[in-house]
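Please read them with the structure open beside you.

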Amino acid sequence: MGLEKEKAETRIFMDDDNLSRAGGPALSDVEKSAEDGADRDPNGLNGHLQLGFEDVIAEPELTHSFDKVWICSHALFELSKYLVYKLVTLLLAIPMALVAGIIFAALSCLHIWIVVPFVKTCLMVLPSVKTVWKSLTDVFIVPFFHSIGRCFAMVNIHLDRE
């Protein structure tokens, strides 16, 4: 049941030279040149999504299915992963990009025109507020806590161990 014994028969389903070992479907030369053009994840944000058939489905050494079943399963896994991803991105990529663009534009606008001026204004006003606050605490709070401290300074606690 090894692949070596049925190699001639399995060539009907999939040629070993065209088998993509990269975890994706075999692409034509036009698709390969389009995909090799630019790195779409230069910062490696989605490096954890490099998932292949062997990462999801694995048969132990003593338990193997028929080779044709294994090859067809591998091909169907890769094809379905490829086609479903393309279909979902076709339906969702443009609307999600639009929504993300709107959200980031709104957040940028809020940050530039509201948050930063508010923080800068607070930082300009804070020295004056600090002076007033220090005066208020020196006049009202400090004498009160000095009095409380003097009252409790006479209290002595002795613990006896019996």
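1. Ala 75 is found in helix α4, in what is a predicted model.

2. Is Glu 78 buried or exposed? The relative accessible area of Glu 78 is 5%, and the residue therefore counts as buried, the cut-off for that class being under 20%. Across a sequence separation of 26 residues, the C-alpha atoms of Glu 78 and Gly 52 are 7.9 Å apart.

3. His 111 has its place in helix α4 and, at 43% relative accessibility, is classed as partly exposed. If residues up to four places away in sequence are set aside, His 111 touches Val 116 and Pro 117.

4. For the chain as a whole, the secondary structure comprises 4 helices and 0 strands, and reading along the sequence gives the pattern α-α-α-α. Helix α4 covers residues 67-153. An unreviewed UniProt entry lists residues 90-119 under "transmembrane region", and this annotation may be inferred rather than shown by experiment. In the model, that span is 100% helix and 0% strand, with its end C-alpha atoms 42 Å apart.

5. What share of the 162 residues in the protein chain is buried? Buried residues make up 7% of them, and Glu 78 is one of the buried residues. The chain exposes about 14400 Å², of which carbon and sulfur atoms supply 68%. Among contacts in the protein chain with a separation of 6 or more, 65% are accounted for by residues 24 or more positions apart.

6. On the cysteines, the structure holds 0 disulfides. A disulfide is a covalent bond between the sulfur atoms of two cysteines. Cys 72 is partly exposed, at a relative accessible area of 28%, whereas Cys 151 has a value of 55% and is therefore exposed, the cut-off for that class being over 50%.

7. How many aromatic pairs does a search of the whole structure find? The search finds 1 aromatic pair, formed by Phe 144 and Phe 145, whose ring centres are 5.3 Å apart. The planes of these two rings stand at 75 degrees, which means that the pair is edge-to-face, since the angle is over 60 degrees. Phe 144 is partly exposed, with a relative accessible area of 48%, while Phe 145 is exposed, with a relative accessible area of 55%.

8. The confidence values deserve a separate point. The mean pLDDT of the protein chain is 80, and 77% of its residues reach 70 or more. Where in the protein chain is confidence lowest, and where is it highest? Confidence is lowest in helix α1, residues 7-10, with a mean of 44, and highest in helix α4, where the mean is 93. Over residues 1-13 the pLDDT is below 50, and beyond near neighbours in sequence this stretch has 17 contacts in the model.

Conventions. Residues are numbered from 1 along each chain as its sequence is written. This is a predicted model: local features need pLDDT of at least 70, side-chain atom pairs count only at pLDDT 80 or more; totals for chains, interfaces and linings use all residues. Side-chain values use heavy atoms; hydrogens and water are left out. Helices (H or I, at least four residues) and strands (E, at least two) are DSSP runs, numbered from the N terminus. Buried means under 20% relative accessible area, exposed over 50%, partly exposed in between (1.4 Å probe, protein chains only). Contact means heavy atoms within 4.5 Å. Accessible areas come from the Shrake-Rupley method with a 1.4 Å probe; for residues, only the protein chains shown count as cover. A disulfide is a pair of cysteine sulfur atoms within 2.5 Å. Rings of Phe, Tyr and Trp (its six-membered ring) pair if their centres lie within 6.5 Å; planes under 30 degrees apart count as stacked, over 60 as edge-to-face and the rest as tilted. pLDDT is the predictor's confidence in each residue, from 0 to 100.
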